[in-house]
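Biologist: I would like to go through this model with you, one question at a time. Please define each term when it comes up.

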Amino acid sequence: MTRTNYAGLIDEQYLGQTVTLDGWVQKRRDLGGLIFIDLRDREGIVQLAFSPEIDADALALAETVRSEYVIEVQGVVAKRAAGAENEQLRSGKIEVQVQHIKILATAKTTPFAIEDGVEAADDLRLKYRYLDLRRPEMQRNLRIRAKITAATHAFLDGQGFIDIETPYLAKSTPEGARDYLVPSRIYPGSFYALPQSPQLFKQLLMGAGFDRYYQVARAFRDEDLRGDRQPEFTQLDLEMSFMTQSEIMDLVNHWVANIMAQTVDYHLDIDQIPTLDWADAMARYGTDKPDLRFGMELQDLTTIMADAEFGVFANAVKNGGQVKAIVVPGGAAAYSRKDIDKLAKYVERFGAKGLSWLKVDEAGVKGPIAKFLTAKTDDLLAKTKAKDGDLILFAADQAPVVAATLDALRRQTAHDLDLIDQSKWAFAWIVNWPLFEYQPDEKRWIAAHHPFTMPNEEDLPLLATPDGAHKAHAQSYDLVLNGYELGSGSIRIHRMDIQEKMLAALGFTPEAAQKAFGFLLEGMEYGFPPMGGIALGLDRLAMLLAGRDNIRDVIAFPKNSKATEPMTQAPTPVSKDQVEADLGLKAPVYDDGSMPNMAEE
């Protein structure tokens, strides 16, 4: 038999037709002389009917079938019995009355049910990923991802972009996350690096005159994992010559609108996408990737609390810090003292040393610090616009701690109280970033985006001195959606004199700059055009459009939170000969001569 149709696409238009279907057994129901089987394929489910009146041999074989058997059937499409329709299915008004059945493969009992909403541990799902991917919701997730990629190619091809692949085996360069290194067999002691980004190659492509480049690129970063991050990921990489920042942002807006229309049938009004200055976003939301689906903006109380009787607030201001707050609508009743203590524990990870709070009622405010703020109550309520039933949460510390603490509280309380409109798609551009940011752990300044970002024109003179350079802002632009960074872009440095000043401000000597980036610097000497670009995370976009909160759900074979892959058990040890004889490296060996399993160590 040869398959004629996908099972999930059979509906009333096929009534009376003979069809041949292949798929997996979702469920089998034996009613004694009458058997129903739900047959599943990538398009959905159709009901199969077996009875002695249709074909006795087919019925006998159907009695041996179990869940997840792979079968092939041939039969006639007929209406279901009255009252047996299933309005949730495309095929819900019909069934296939089977005349022939063939078992193509048997199956063991699966470790979890092949159905949506299954409750199974993440590592169990990843160990049996091929089973997890059979589930309808996972099939939908990956098809959304496929639609994004297909729509991207069609859109950019139509905009005159050229799809160009860049190397996976590249040179390790500083000023990024940790590289994944690949040792060279031919050149012992030398290493390739898997690319964290095609950044330098796409700038060289602009220098080569291609004008508009794109690539759906794989990238690799050896960094700690979280729900929206993987060690290997996919991004849409764009680079354009002779285009301004506003022109690039406009093009990306049209790409996003096209993706939304193609994948989730949503009309995005690009004229309504706001543009926020980085400093404004930090002041209002405490983050450079704000979730704009709800309010609860940060309220600056620093001036009001400078002479407060409450020492925590007054001392924070005295030491050059801030006092800010958020108002949680309806939070007074929703959060008990115990609940607030849990929030206080939660924000310790962001550097907060405690959590001050007040509840608002018709009489004013109440809470542990109310007695210290009697003289400030009217000003506080006027500034925050808090009303009866609201909860006010405070942060008093240095600016970075205050921002991180209130950003976390804003997101957490909005989630707890269901204050987020889940039907919204809140895009925003964040622009005018600082050119540099200080890393207290490393006690040095690094590039906020990367060392090839062009400063604002008026800030170019600041690059003359290290102290001045750290005050400069960049021609950079990040696209955010619902509190996630979707893409990060900038106008690039195309002039050698500016690039040398930028690298010097980062602490590179001329010799070190040549060693790390000599091929790019030499290219600039042959005339590079003004250029700009952006990298957009396709994993993250697919996650959001699929309504998930972890990118593992839109990646076919992801790593777990420990950066291991439970199905293949990667990473795994290799033979000592591969390490020492082939690569010229020293293999770690235990006293008994065995090699450690790096995935377990």
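Modeller: A salt bridge is a side-chain nitrogen of Lys or Arg within 4 Å of a carboxyl oxygen of Asp or Glu. This is a predicted model: local features need pLDDT of at least 70, side-chain atom pairs count only at pLDDT 80 or more, and totals for chains, interfaces and linings use all residues. Residues are numbered from 1 along each chain as its sequence is written, and side-chain values use heavy atoms, with hydrogens and water left out.

Biologist: Which residues are linked with Asp122 in a network of salt bridges?

Modeller: The structure holds 35 salt bridges. Some of them join into a network, in which Asp122 is linked with Arg125, Arg129, Asp132, Arg135, Glu137, Arg548, Arg552 and Asp553.

Biologist: How far apart are the closest N and O atoms in the salt bridge of Glu232 with Arg218?

Modeller: Helices (H or I, at least four residues) and strands (E, at least two) are DSSP runs, numbered from the N terminus. Glu232 is in strand β10 and Arg218 in strand β9, 14 residues apart, and the pair links distant parts of the chain. Their closest N and O atoms are 2.8 Å apart.

Biologist: Is Arg492 buried or exposed?

Modeller: Buried means under 20% relative accessible area, exposed over 50%, and partly exposed in between (1.4 Å probe, protein chains only). Arg492 sits in the loop between β21 (484–491) and α14 (496–505). Its relative accessibility is 2%, so Arg492 counts as buried.

Biologist: And Arg221, at 28% relative accessibility: what does it count as?

Modeller: Arg221 is in the loop between β9 (212–220) and β10 (232–241). Because its relative accessibility is 28%, Arg221 counts as partly exposed.
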